[in-house]
Amino acid sequence: MTVFADLESNVRGYCRSWPTVFDTASGCWLRDETGREYLDFFAGAGALNYGHNNPVLKQSLLDYIAADGLTHGLDMSTVAKRELLESLRDRILRPRGLDYKVQFPGPTGANAVEAALKLARKVTGRTEILNFTNAFHGMTLGALSVTGNAAKRAGAGVPLQHATSMPFDGYLSGADDDSFEWMERVLDDASSGLDSPAAVIVETVQGEGGVNIARAEWLRKLAGLCSAREILLIVDDVQMGCGRTGPFFSFESAGITPDIVTLSKSIGGYGLPMALVLFKPELDQWKPGEHNGTFRGNNPAFVTARTALEHYWSDDALESATRAKGARIDRALTGMAAAFDGVTARGRGLVHGLVFDDASQAGKVCAAAFGRGLLVETSGAEDEVVKLLPPLTISENELDHGLELLAASLDAVGS
Ligand code: PMP
């Protein structure tokens, strides 16, 4: 089956995992051009938390386009943008006691990370950014330089951004907090060259890194260390925000308030490109035009983003449904892990991982799942984790069906 190898660059990736040509999609299902259906446990790498062609979001988009709403708006003021900003304030920020200003940095997660890093450098007058092993923050040079993955960094040569990866070893339950002792010592020692970083950037759950979950206490210690040393804390919520772990922001459960937050992927709601940087108002030291770009005003994405906030975040129904479905996945994965040697399970909300001691097994399970009509991908430094990332709107029946397909795939590979 052709995957456009003659037409498209060698850099392409997902078409290799899923060698078919997709055509249409709705809810948790994709269809290829032969009419075969696939259940989606991937959700556009976290960009489709509300599913494909979500009918409520679709209607708002159709209405907007039918009324000749502005589509491309640079950073002009528009009705669609005002309504989104007001909705974000009223539905998300105020109820959580958060006071953030909003920047539209460009269409992608990497754009949000770049803006966050630049702002931290500008505000502090310092350049170093601390990040964590196995972190993923994007493929542009600045974001890549704070990505704790040597293989991914290798393609870029020397990082432009001075960055150091600290061990992300506080996430396993029961682990001690050696990373902080080490961090404190390095920060106290001027000869380390790391004595005055501008910021720390962290994911509360490392998605690409293999579903590595930071403990709440670890995050609180990190936030305390940052505030004591006037280091800005950036939480990259590009993948774990918008309800993926349960609450709208992934850091809510730890009770911390980052100085800067990045959002993208599911914030546009409908899979339309959009990103946000949120920061404490006193950090808004940008001068007009200092960080610009052509595609910062995707007004159709503002419309679907606002509809998603109004429809899904006016109460806590989505959050509690996510927790309930997460518990269902937990039970199923714990059963699978018990039945297979060398497999463990972990997760939070609707992001889960099956971790294989033998990394090569994870890819085989994903391939077997594709053969059974389930889209699920690997993550982790060695691609040793099968990562489950279904749309939050998945039904319990669909979830159970996908988990059965996954168990059958595990069986097929194990036997
Ligand atoms: N940060 C995190 C935590 C991510 O998971 C990703 C994408 N996987 C990015 C940043 C980069 O986003 P994008 O691919 O939209 O540039």
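This report describes the pockets, nonpolar cores and aromatic pairs of a predicted model.

Residues are numbered from 1 along each chain as its sequence is written, and side-chain values use heavy atoms, with hydrogens and water left out. In this predicted model, local features need pLDDT of at least 70 and side-chain atom pairs count only at pLDDT 80 or more, while totals for chains, interfaces and linings use all residues.

**Pockets**

A pocket is an open set of points on a 1 Å grid over the protein atoms alone, where a 1.4 Å probe fits, with protein on both sides within 12 Å along at least five of seven lines; lining residues have an atom within 4 Å of a point. A volume is the space filled by probe spheres set on the points, which are joined across faces, edges and corners. In the lining classes, Ala, Val, Leu, Ile, Met, Phe, Trp, Tyr, Cys and Pro count as nonpolar, Asp, Glu, Lys and Arg as charged, and the others, Gly among them, as polar.

| Largest | about 1,100 Å³ | 17 nonpolar, 17 polar, eight charged residues |

Of the 42 residues lining the largest pocket, Tyr14, Ala45, Phe136, Glu208 and Lys265 are the closest to its centre. Strand β16 gives the largest share of this lining, three residues; helices (H or I, at least four residues) and strands (E, at least two) are DSSP runs numbered from the N terminus. The second largest pocket has 16 lining residues, and Asp75, Val102, Gln103, Phe104 and Arg296 lie nearest its centre. Its largest share, three residues, comes from β4.

**Nonpolar cores**

A nonpolar core is a set of buried Ala, Val, Leu, Ile, Met, Phe, Trp, Tyr and Cys residues joined through side-chain atoms within 4.5 Å. The largest holds 82 residues, of which Phe249, Val386 and Leu406 touch the most other members. Helix α10 (residues 299-312) provides the largest share of this core, seven residues. Apart from it lies another core of 21 residues, including Ala116 and Ile201.

**Aromatic pairs**

Rings of Phe, Tyr and Trp (its six-membered ring) pair if their centres lie within 6.5 Å; planes under 30 degrees apart count as stacked, over 60 as edge-to-face and the rest as tilted. The count comes to eleven aromatic pairs. Tyr14 and Trp18 form a stacked pair, 5.7 Å centre to centre with 15° between the planes. Buried means under 20% relative accessible area, exposed over 50% and partly exposed in between (1.4 Å probe, protein chains only). Tyr14 counts as partly exposed at 43% relative accessibility, whereas Trp18 is buried at 7%. Phe248, Phe249, Phe251 and Trp313 form one aromatic cluster.
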